Amino acid sequence: MVLSRLSLFSFIKRFVHGIDLLTEWTGKAISWATLAIVLLTFTIVVLRYGFGVGWVSMQESVLYFHGLIFMLGAGYTLKHDEHVRVDIFYQRFSERSKALVNLLGTVFLLFPIVIFIFWVSIDYVLLSWKIMENSKEPGGLPFVYLNKSMIIMLVLALGLQGLGEIGRNILTLLNTKEAK
């Protein structure tokens, strides 16, 4: 079955839109984790310095939220083009030239890094799940394996958004109204 050019553009547009929706939803959801981390940190400080009490599990939960925010927020950051970029020349490029740079950067820089992170971390995460790893600290959280799983979530978030960026840049390079 041969896809017409219009149906291919339509498929790519829907694919990119679906990934963008998931990334936006994820970004909005983790923004609440940012509020939680601020409130938790405030509570920890008040309890420790105001009342002389503290719980390791509460302190560790701040680290868990931190991991959640940064690992799941990476795809959102990529979608909004807020990642680190050395744009001495990029800022002067045309939309098509920017799309080509972004496409090549995604394929030859982002994906190799995402694949490498997955490759070096999968055994680390699986072992943590296998032993149901707990905190080594007395009174710590018994969910270290969930925290380590955020590495795989980073790979998924960046990988999916990277696919979306590839689709968006292909549409721009083909100079279609579908890219908008």
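Let me start with S128, which is found in helix α3; helices here are DSSP runs of H or I, at least four residues, numbered from the N terminus. This is a predicted model, so local features need pLDDT of at least 70 and side-chain atom pairs count only at pLDDT 80 or more, while totals for chains, interfaces and linings use all residues. Residues are numbered from 1 along each chain as its sequence is written, and side-chain values use heavy atoms, with hydrogens and water left out.

S128 has a relative accessible area of 1%, so S128 is buried. Buried means under 20% relative accessible area, exposed over 50%, and partly exposed in between, with a 1.4 Å probe and protein chains only. Not counting residues up to four places away in sequence, S128 touches E133, V144, Y145 and K148; contact means heavy atoms within 4.5 Å.

Two of those partners also pair with each other. The side chains of E133 and K148 meet in a salt bridge, 2.7 Å from N to O. A salt bridge is a side-chain nitrogen of Lys or Arg within 4 Å of a carboxyl oxygen of Asp or Glu. E133 sits in the loop between α3 and α4, and K148 in helix α4, 15 residues apart. Both E133 and K148 are buried.

By that rule the count comes to 6 salt bridges. Another one joins R168 and D20 at 2.9 Å, N to O. That pair links helix α5 to helix α1, across 148 residues. R168 is partly exposed at 23% relative accessible area, whereas D20, at 13%, counts as buried. D20, E165 and R168 are linked in a network of salt bridges.

Which charged residue is buried yet has no salt bridge? That is E60; the nearest side chain of opposite charge, K136, is 9.9 Å away. For charge, Lys and Arg count as positive and Asp and Glu as negative, with His and the chain ends not counted. E60 is in helix α2, and a polar atom of its side chain lies 2.7 Å from the backbone nitrogen of L141.

Last, the nonpolar side. The largest nonpolar core has 7 residues: A74, L78, L110, V114, L154, V155 and L158. A nonpolar core is a set of buried Ala, Val, Leu, Ile, Met, Phe, Trp, Tyr and Cys residues joined through side-chain atoms within 4.5 Å. Helices α2, α3 and α5 each give two or more residues to this core, and α5 gives the largest share, 3 residues.

Notes
Polar contact = N/O pair within 3.5 Å; in protein donor to acceptor, adjacent residues only side chain to side chain.
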